[in-house]
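Notebook open, structure loaded. I want to look up the pocket, then the salt bridges, then the surface.

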Amino acid sequence: MLDRRIANFLLRISLGLIFLISGLGKVFFYERVPIEKILPFLGPEWGSVLLGIAELMVGLLLVLGLLTRWAALASAALLVIFIVSGLILGLFMQAGLIKDVVLVFASLMLYADGARKWSLDERFF
């Protein structure tokens with residue numbers, strides 16, 4: 001049977017990598033999202049870059065296991081924003097946002113459980 005601490009570790013790393021990869025695409029490979037439709041005061045380039053930086057920060061914190069509860073809460077908030085925006089723009093199914101519903105619950109589980117094994121939180125806090 002899989003130990004709960006190892007399951008927590010695998011969930012934290014998986015979620016963190018999803019955010020890191022998504023953030024890297026937006027910041028360094030110029031993947032654009034229609035963020036200006038959601039936040040019109042941001043232009044399409046700046047909006048994508050700022051979103052990418054937020055995703056990079058959340059992903060890095062999760063992978064390192066540093067401030068895990070806060071990073072998990074931020075990831076849940078970002079995912080809820082993606083889901084609601086997709087629903088409003090009519091892109092929910094087209095953008096594949098159904099997976100984000102599961103990721104919200106994974107984020108909330110990490111928020112409730114915190115970082116356990118092999119994390120900087122475990123070492124310093």
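I started with the lining of the largest pocket: 25 residues make it up, and Lys-26, Val-33, Phe-82, Leu-97 and Asp-100 lie nearest the centre. For the record, a pocket here is found on a 1 Å grid over the protein atoms alone, as an open set of points where a 1.4 Å probe fits, with protein on both sides within 12 Å along at least five of seven lines; lining residues have an atom within 4 Å of a point. Two or more lining residues come from each of α1 (4-28), α2 (44-64), α3 (68-89) and α4 (98-113). Helix α3 gives the most, seven residues. Helices are DSSP runs (H or I, at least four residues), numbered from the N terminus.

I noted the space in this pocket as about 650 Å³; the volume is what probe spheres set on the points fill, with grid points joined across faces, edges and corners. By class I got 17 nonpolar, four polar and four charged lining residues. Nonpolar takes in Ala, Val, Leu, Ile, Met, Phe, Trp, Tyr, Cys and Pro, charged is Asp, Glu, Lys and Arg, and the others, Gly among them, are polar.

A caution to myself: this is a predicted model, with local features needing pLDDT of at least 70 and side-chain atom pairs pLDDT 80 or more, while totals for chains, interfaces and linings use all residues. Numbering runs from 1 along each chain as its sequence is written, and side-chain values use heavy atoms, without hydrogens or water.

Next I searched the whole structure for salt bridges and found five (a side-chain nitrogen of Lys or Arg within 4 Å of a carboxyl oxygen of Asp or Glu). Asp-113 pairs with Arg-4 at 3.3 Å, N to O. That pair joins helix α4 to helix α1, 109 residues apart in the chain. Asp-113 also meets Arg-116, at 2.9 Å, and I logged Arg-4, Asp-113 and Arg-116 as one network.

Last, the surface. Leu-67, Trp-70, Leu-73, Tyr-111, Phe-124 and Phe-125 make a nonpolar patch of about 730 Å². Patch residues have over 30% relative accessible area and no salt bridge, with nonpolar side chains (Val, Leu, Ile, Met, Phe, Trp, Tyr) joined within 5 Å. Phe-124 sits in helix α5 (residues 120-124) and is exposed, at 58%.

Note on methods. Patch = residues over 30% accessible without salt bridge, like charges linked within 9 Å, V, L, I, M, F, W, Y side chains within 5 Å. Areas by Shrake-Rupley, 256 points an atom, 1.4 Å probe, with all protein chains shown as cover. Buried < 20%, exposed > 50% of the residue type's maximum accessible area, 1.4 Å probe, protein only.
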